[in-house]
Amino acid sequence: MTGFAHTVEFMWAPYNVYMLRSSPVNADLHCHSIVSDGTLAPAELAARAHAHGVDLWALTDHDEVGGLAEAQRAADALGLRFVSGVEISVSFAAQTVHIVALGVRPNSTELLDGLQHIRTGRDQRAKDMAQDLERHLGLTQVYDGALRYAGNPALLSRTHFARYLVEQGVCRQTHEVFSRFLTPGKPGYVEHAWARMDEALGWITAANGVAVIAHPGRYRFSATEEWALLEQFKALGGQAIEVVTGSHTASQYRKYANLALEFGFYASRGSDFHSPGESVCDLGRLPPLPADLAPVWDLLH
Ligand code: AMP
Ligand code: MN
Ligand code: MN
Ligand code: MN
């Protein structure tokens, strides 16, 4: 076998013999639309995923499931297999950790109420971020400027501030904004309490979803803290981690493949695509999962 994870399908063969044929899955189970901090509509993402050869696709907007119906309709029209998802913001050991939920029932009351609760803090946080940026940069109207970039005013995020600072000529690219602003210790960063890990896992379980730790290589945890994250997540019913994602290096693919094997986690693959002009990794353009891992889509039927 090559590096691709395989699905198995039965083919009707001559002489009434079933033969096994395996085919690679180009799964992309993490991306964002204008409903959170992406720049494309859900239907545009579906078309882009399809054009890039994706055959199993999830939309995973931050803390919001409002784009799933459009995404599902567009995927159905293209014959693209779709998975309902959401990326939940969680506070863990004084950092923000993202938990991707896959295969959720989008109308689950527990999930909808939980997400609504997380979103409520965003507006005040955005006002505080704007004030801090104005003080440091001598700009005005930063809140309104960021809001102009938000497709969904209930989901004003750091990405929208980053786009506004690029517009204002403070930085050339959004990546540069995140190295100089909006991150811990830098201007524009505001501490925020998101959901607790146990709350998020409870909502995901109630919505029949599979919980996945998003981009584990991006957190700034010590090895001990990272181990505690994986252990607690597993104890609360978490089943998978992202191994191949747009923000991991090749050595991180191997590191998190090994941790997946050690913890018995299923492995996920997702670009975390946000925008054609910004995202390094486009939809469907990722290396395959290492072959020794159990793909998370085995759980998504
Ligand atoms: P928020 O939920 O408002 O804290 O915004 C988080 C979003 O900011 C992430 O989902 C990313 O889209 C973006 N972001 C965070 N750090 C970076 C970074 N270093 N480079 C680019 N985008 C980033
Ligand atoms: Mn984002
Ligand atoms: Mn994330
Ligand atoms: Mn994401």
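Predicted model: local features only at pLDDT ≥ 70, side-chain atom pairs only at ≥ 80, totals over all residues.
Local features require pLDDT of at least 70 and side-chain atom pairs pLDDT 80 or more, whereas totals for chains, interfaces and linings use all residues. Residues are numbered from 1 along each chain, ligands are numbered from 1 in the order in which they are written, and side-chain values use heavy atoms, without hydrogens and water.

**Exercise 1.** Identify the protein donors (N, O and S atoms within 2.8 Å of the metal, or 3.2 Å for Na, K and Ca) of the manganese ion (ligand 4).

*Solution.* Step 1: the donors are His30 (NE2), His32 (NE2), Glu87 (OE) and Asp272 (OD), at 2.1 to 2.2 Å. Step 2: along the chain they follow the spacing H-x1-H-x54-E-x184-D. Step 3: His32 lies in the loop between strand E3 (27-28) and helix H1 (42-51), and Asp272 in the segment after strand E10 (266-270), so the pair ties together parts 240 residues apart in sequence; helices (H or I, at least four residues) and strands (E, at least two) are DSSP runs.

**Exercise 2.** Determine which side chains make polar contacts (N or O pairs within 3.5 Å) with oxygen atoms of ligand 1, and what share of the ligand is buried.

*Solution.* Step 1: a polar side-chain atom of His62 lies 2.8 Å from a ligand oxygen. Step 2: the corresponding distance is 2.9 Å for His274 and 3.3 Å for Thr159. Step 3: ligand 1 alone exposes 510 Å², of which the protein buries 82%; areas come from the Shrake-Rupley method with a 1.4 Å probe.

How values were computed:
Polar contact = N/O pair within 3.5 Å; in protein donor to acceptor, adjacent residues only side chain to side chain.
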